[in-house]
Amino acid sequence: MTEPSGRRERKKAATRQKIADTALRLFLERGYDAVGIRDVAAEADVAVTTVFAHFASKEALVFERDQDFEQRLTRAVTDRPPHEPLIPALHREVQALVRHCTAEGSAPVRRMIEGSPALREYEESMSLRHAQALAAALAADPHLSRSATACRATARFAIDAYALACRADDPGATVDEVFRMIKAAWEATAP
């Protein structure tokens with residue numbers, strides 16, 4: 001995540017992080033459904049309006065790194081050197097994101113998400129949005145020259161690789177296996 005440069009931006013980022021950290025702690029201690037936005041605001045010592053100024057919904061509090069996730073995926077496409085092949089760059093970024101979601105201490109959060117229909121639904125809608133952003137980045141790259149369908153499918157498979165790996169017994173092997181399929185499909189769509 002990019003560090004905010006000005007004092008005001010740093011203060012806003014610190015408030016956002018404090019709210020997110022407080023919410024996650026309360027959700028894990030009491031259960032997601034037992035905690036309301038007012039509880040989070042009171043515990044974080046901010047107004048309810050401040051919570052909503054930073055987070056559009058209660059679900060967004062759990063997925064506070066959502067925008068960073070999407071940016072990292074799209075930057076894996078847009079910021080790679082022109083000579084670097086796409087699939088290895090995307091593979092590396094998805095592996096790094098999976099290491100974060102499977103890091104020590106992440107299991108309680110994953111169980112909370114899996115146990116909540118609202119959080120699972122939010123995660124799925126988020127995944128679709130990430131796939132759309134990634135597909136747009138792929139389609140916009142003039143060096144890739146693939147159809148819109150190939151870009152959309154590749155993006156969705158990359159997002160699915162992440163989702164499958166975060167729930168797998170061997171996350172790294174899962175990403176590798178899915179990316180072998182992605183690579184073969186990507187190569188099959190070459191003009």
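**Aromatic pairs and a helix end**

Phenylalanine 63 is buried, at a relative accessible area of 11%. The model is predicted.

**Exercise 1.** Classify phenylalanine 63 and tyrosine 122 as buried, partly exposed or exposed.

Solution. 
- Buried means under 20% relative accessible area.
- Phenylalanine 63 has 11%, so this residue is buried.
- Tyrosine 122 has 22% relative accessibility, so this residue counts as partly exposed.

**Exercise 2.** State how many aromatic pairs the structure holds, and work out the geometry of phenylalanine 27 with tyrosine 32.

Solution. 
- The structure holds three aromatic pairs.
- In one of them, the ring centres of phenylalanine 27 and tyrosine 32 lie 4.9 Å apart.
- Their planes stand at 65 degrees, and over 60 counts as edge-to-face, so this pair is edge-to-face.
- Phenylalanine 27 is buried, at 2% relative accessible area.
- Tyrosine 32 is buried as well, at 6%.

**Exercise 3.** Describe the pair of phenylalanine 63 and tyrosine 122, and locate both partners.

Solution. 
- The centres are 5.5 Å apart, with 20 degrees between the planes.
- The pair is stacked.
- Phenylalanine 63 sits in the loop between α4 (58–62) and α5 (66–78).
- Tyrosine 122 belongs to helix α8 (residues 117–140).

**Exercise 4.** Find what lies over the face of tyrosine 32.

Solution. 
- Lysine 58 does, at 4.3 Å from the ring centre.

Methods: Residues are numbered from 1 along each chain as its sequence is written. This is a predicted model: local features need pLDDT of at least 70, side-chain atom pairs count only at pLDDT 80 or more; totals for chains, interfaces and linings use all residues. Side-chain values use heavy atoms; hydrogens and water are left out. Rings of Phe, Tyr and Trp (its six-membered ring) pair if their centres lie within 6.5 Å; planes under 30 degrees apart count as stacked, over 60 as edge-to-face and the rest as tilted. Buried means under 20% relative accessible area, exposed over 50%, partly exposed in between (1.4 Å probe, protein chains only). Helices (H or I, at least four residues) and strands (E, at least two) are DSSP runs, numbered from the N terminus. A charge sits over a ring if NZ of Lys or CZ of Arg is within 6 Å of the ring centre and within 35 degrees of the ring normal.
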